[in-house]
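Here is a short note to read beside the structure. Take the points in order and find each residue as you go.

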Amino acid sequence: METRKIVRANGAGVFFGEIKEKDGDRVVMTNARRLWYWVGAASLSQLAQTGTVSPDSCKFPVAVDEVEIFNVIEILSVTEEAAKTIDSVKIWKA
């Protein structure tokens, strides 16, 4: 499996998925979920390394096939352990 990433963008929020393309501060991601609200990790760095210990309390909407994100300010590699916990978060919807 390709290494998945957490991407933080100024004004657009935080996304989890695969990077298809990167050009400066612009990234195209596939199979991307917006990480709208998380519990069980003190920071994005911890979320990328160990995941969340409270997946039932997180709010991550459905993944989109592809998203183009501008003003990217941080890209974190995600461990397999962390990806499993992020994947275990149920789709949050209104």
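**Notes on the aromatic cluster and the cores**

1. Start with Tyr 37. Its relative accessibility is 40%, so Tyr 37 counts as partly exposed. Keep in mind that this is a predicted model.

2. Now look at Trp 36. Its relative accessible area is 49%. Exposed would need over 50%, so Trp 36 is partly exposed.

3. Which kind of aromatic pair do Trp 36 and Tyr 37 form? The pair is tilted. The ring centres lie 6.4 Å apart, centre to centre, and there are 45° between the planes.

4. Trp 36 also pairs with Trp 92. Here the ring centres are 4.8 Å apart and the planes are at 20°. Stacked requires planes under 30 degrees apart, so this pair is stacked. The count of aromatic pairs comes to two.

5. Where do the two partners of the stacked pair sit? Trp 36 is in the loop between β3 (26–34) and α1, while Trp 92 is in the segment after α2. The pair therefore ties together parts that are 56 residues apart in sequence.

6. Trp 36, Tyr 37 and Trp 92 form one aromatic cluster. Trp 36, Tyr 37 and Trp 92 also make a nonpolar surface patch of about 340 Å².

7. Next, turn to the inside. In soluble globular proteins, nonpolar side chains tend to be buried together. The largest nonpolar core in this model has 16 residues. Which of them touch the most other members? They are Ile 6, Phe 16, Leu 35, Leu 47, Val 78 and Ile 86.

8. β2 (13–23), α1 (44–50) and α2 (80–87) each supply at least two of its residues.

9. Phe 16 deserves a look of its own. Set aside its neighbours within four places in sequence. Phe 16 is then in contact with residues including Ile 6, Leu 35, Val 78 and Ile 86.

10. A second core is separate and has 10 residues. Among them are Met 29, Val 67, Ile 69 and Val 72.

Notes. Residues are numbered from 1 along each chain as its sequence is written. This is a predicted model: local features need pLDDT of at least 70, side-chain atom pairs count only at pLDDT 80 or more; totals for chains, interfaces and linings use all residues. Side-chain values use heavy atoms; hydrogens and water are left out. A nonpolar core is a set of buried Ala, Val, Leu, Ile, Met, Phe, Trp, Tyr and Cys residues joined through side-chain atoms within 4.5 Å. Buried means under 20% relative accessible area, exposed over 50%, partly exposed in between (1.4 Å probe, protein chains only). Helices (H or I, at least four residues) and strands (E, at least two) are DSSP runs, numbered from the N terminus. Contact means heavy atoms within 4.5 Å. Patches are made of residues with over 30% relative accessible area and no salt bridge: like charges are joined within 9 Å, nonpolar side chains (Val, Leu, Ile, Met, Phe, Trp, Tyr) within 5 Å. Accessible areas come from the Shrake-Rupley method with a 1.4 Å probe; for residues, only the protein chains shown count as cover. A salt bridge is a side-chain nitrogen of Lys or Arg within 4 Å of a carboxyl oxygen of Asp or Glu. Rings of Phe, Tyr and Trp (its six-membered ring) pair if their centres lie within 6.5 Å; planes under 30 degrees apart count as stacked, over 60 as edge-to-face and the rest as tilted.
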